[in-house]
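Dear colleague,

Please find below the structure that I am handing over to you.

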Amino acid sequence: MRKARLLKLLVFVLLTAPLSVLGQGNDVKAAVTNLALNKAVYASSFEGLGFEANKAADGRTETRWSSKPTNNQWWKVDLGSLMEFNKIVIKWDADYGKDYKIMISSDNNTWTTIFSRTGFAGGTDTITIGSIQTARYVQFAGLTRGTANGYSFQEFEVYKSDETLPGPGSLPNLALNKTAFSSSVEAAGLEASKAVDGNTVTRWSSGASNNQWWKVDLGSPTNFDQIVIRWEAAFGKDYKIMISNDNATWTTIFTRQNFSGGTDTIVFSSMQNARYIQFAGISRGTTYGYSFWEFEVNNREDAPSTGPGGNGNLALNKPAFASSFESPGITAEMAVDGNAATSWSSAYSNNQWWKVDLGTAKTFNTVVIKWLSAYGKDYDIKISDNNTNWTTVYQKRGGIGGNDVLVMNPQSARYIMVQGIARGSKFGYAFSEFEVYEGPGTLPTYADRADLAKNRIAYASSGNAGAAVDSDNAETLWESGTSGNEWIYVDLGAVKKFDRLILRWDASYAKVYEVQTSNDTQNWTTIYSTTSGNGSIDDLAVSGNARYVKLNCIAAGVDWGYYGLWGIGIYHEAEPAPIIPTTGNLEAAALNSYSVKLSWNAPEGAYKVRIKRDGQMLDEFASIAGSSYTDYLLWQSSAYNYVVEFLDTSNQYVASWTAGVTTPSQQGMFPRLFSDDAFVNRPIGPNPQVDPNSAAMINYAIVPEKGRSHVTHDGYGITLAYANPVSEVYTIPYYYYGGSETIKARIPKYAVTTSGWDHHVTIINPSINRNVDTWLAVYDYSNNTWKAGSRGIIDLNGEPNVVESGISGVAAGWASMTGVIRPEEIAQGRIEHAITFTSPRTRKGWYSSPAIKADGRDANAFSIPEGALLQLDPSIDIDSVYPNWPEWKKIIAKAAQEYGMYCSDTSGAMTIRGESNDSRHYDAWAKAGVTEDTTLNDFPWESLRVLQMDLHPWGN
């Protein structure tokens, strides 16, 4: 632990709240153009610097216009020229207008009122005007305020709503409800028209003989390039598709032979044009006639322009080419076949390219590249209409793999190319799918929730109340006095609505407490109370409408004589009304004992996806980013219930689908992190060389600390989260150590830091086999950002002390998860790697390989250098000498004999590190049988020996 701090028994710190709800965004930009964006704006007044009129038209919900605190204030926008519109969206801050009008003008002089609002109660006001309006100037005219403050809104948006792009869905059926004819009908109710009625429970069925026909009249010559025949059990074996414009002269455009039933999708390489389309049966596949549910005619250029997967993907099944391919079967066209199990992979060099021919010039603004582990770090997107002259329209730098969703200004081109510049691995470039869309032109926005308590005035019975509302950081703490009942309250400045309260407790938390509200600090109303608080983070869905919010601490959960609170967060979410989950089109499949893969085909109109497990938010991302998600950190032989929620561009629910799954029992050993020959995974072997000062070091640095030794799997362990290719990418700046490198990582919404002072969180990204370490990590809910005291990237296929960029999260310089015990390893009865420990007596100025740095504080020559490997005497028969030990302690002792114990960091007490439960959201250690005290004061510390060290100076 590298930063000096107050020497107190308390070193628990709570940094972040779970991302279960506040990771959600409630301001998803619409698919249409905001006509007011960045236009010239004016106002009758503004509250002060930073709240000017233009802040309400800058496209950022973290800024706002705020007027002086009087009625009859106005704000207006100049659209630049006469514009048509029929919808206005006002995204109010907490200080809203109760009564107001919307007025328009063409000359900024003569104004016409087109809308009046009375009795508004705050939130987002979406105003749909009955007819198209034409104006250059649009004005908000306030009449009466809703609070004692002025008028304040984050954004004032103007739209013409008929620009809304269609959501994902099936292609339009050009034959739907058109006139149909046939050579025969088996019986009443099975007529020709039943095959074009859009109903898959009705059908046409012919007489029971070969050479039957069915045809449809489209009404006029029509372009099409696809036909879908949805056969009933009585299918055609051999048949033709014929076309005509006069119902007399017929041309065969397709012949099918030896068909075996099901749905026949016929795609034509060029556009066809005809009024009449005929199915001409030659031979039947059964003893019955010919029978199909639906005969569909499509023009694939009419595909919806937004959506995940194949829906609206302009590149799907189009010709593709590449500079190279690694081997047969992973060629260019595999990246446009709609199959996530196939891919293109290039030769192993940087300047490789891949391109797709869309057939004709198409308009698009979004490209999705679904990278494999061999991803592009730096690359360009180029376009051309002639396959010769290319224009760069997007530059990607510092990519980290996964599913890259590239949103750009609208482009029009026939050819689209990925031009590789630098690879992200030693291999070539490889992606499973390259998708092209004309979509909304934006991604879901998550950073739009303001903490109403942040930097407000706070009062307390004792201690520094302001420390609980200053910011989301780890440096300040409200610490009460020592009386039994203590309180703290926040002045929100005005009566404000809220519906969520986040309490970030210190280790000395309140078990019994209540939340109260007031408008005068004299009369308080209790809106929440509990007698079973458990510390860490309390995420409370409580609603109120008040100026003052008070926390009364009645009884402590840990009797340290005071209450500690790192932060109070008060939020107004304005979440959409939930809908009841249905089975939908969601599949959940257990991949092994610890992970489950979810797969779905998103419903029409889906723009944003939320994944929940047993009610706990896991992640949230743009629907276009992908249609599958793998959940990790599960327990064997356990049942889980998943809900996948789909929201539209207005943040309203489209669908909510649910699926249950049970993980199988664990087979074999739980997988280790890092390569099998990494130093942490190598057994010590017989007759290792012992350091000549071993006995003196054990007697000075180890034995005196045994009284406070323990296993840490709580706030002082290492919390872990697994990213998916669809998880959001964050740039993680550092604020203590870390070098100048830009560190980016995909981080799932469920990731939280440990509640102890170090605030570790490790993010594992299996898609690129990378580990991102953080120390003193902070997630800021108000703007959806991460930062860390230090952060670094490590390759999981290599050695944990080889840091690719940045700095790791522990003092020894290796990955934080190096040697950390996982509860699955206790459950399986064996740990197959060295374990790591921390100590108060680490040597100052020196480290031992495989450490690469140090923060030791003890100058005594017999203190323990970080990186030193200790071994428990292998001659001790643990089972017979310690028969009454719990199994978990025996398992740890045997690992210390076979693999040893590396000193990784400095600490206030001697600890063996375990994985924290914090990101799992269930008690995995209890499932592993570790339910009692994890102290190690009876561990044979005096029987340890220090193996030969390879010392290096540090900081001298």
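Two strands are said to pair if DSSP finds at least two bridges between them. Please bear in mind that this is a predicted model.

I begin with strands 42 and 43. Strand 42, residues 761–765, pairs with strand 43, residues 770–775, in the antiparallel sense, and five bridges join them. Within this pairing, T762 has D773 in strand 43 as its bridge partner.

Both strands belong to an open sheet of five strands, ordered 39-42-43-46-47, in which the pairing is mixed. At its edges lie strand 39 (719–722) and strand 47 (803–806), each of which pairs on one side only. On average, neighbouring strands of this sheet are turned by 20° against each other, with direction ignored.

A second pairing concerns strand 8. Strand 8 and strand 10 (residues 213–231) are antiparallel, with four bridges between them. Here A180 stands opposite V216 of strand 10. In a regular strand, side chains alternate between the two faces of the sheet.

Finally, the cysteines. The structure contains zero disulfides. Buried means under 20% relative accessible area. C553 therefore counts as buried, at 1% relative accessibility, and C903 is likewise buried, with a relative accessible area of 0%.

With kind regards

How values were computed
Residues are numbered from 1 along each chain as its sequence is written. This is a predicted model: local features need pLDDT of at least 70, side-chain atom pairs count only at pLDDT 80 or more; totals for chains, interfaces and linings use all residues. Side-chain values use heavy atoms; hydrogens and water are left out. Helices (H or I, at least four residues) and strands (E, at least two) are DSSP runs, numbered from the N terminus. Axes are lines fitted to C-alpha atoms, for helices over the stretch in contact, and angles run from 0 to 180 degrees between N-to-C directions. A disulfide is a pair of cysteine sulfur atoms within 2.5 Å. Buried means under 20% relative accessible area, exposed over 50%, partly exposed in between (1.4 Å probe, protein chains only).
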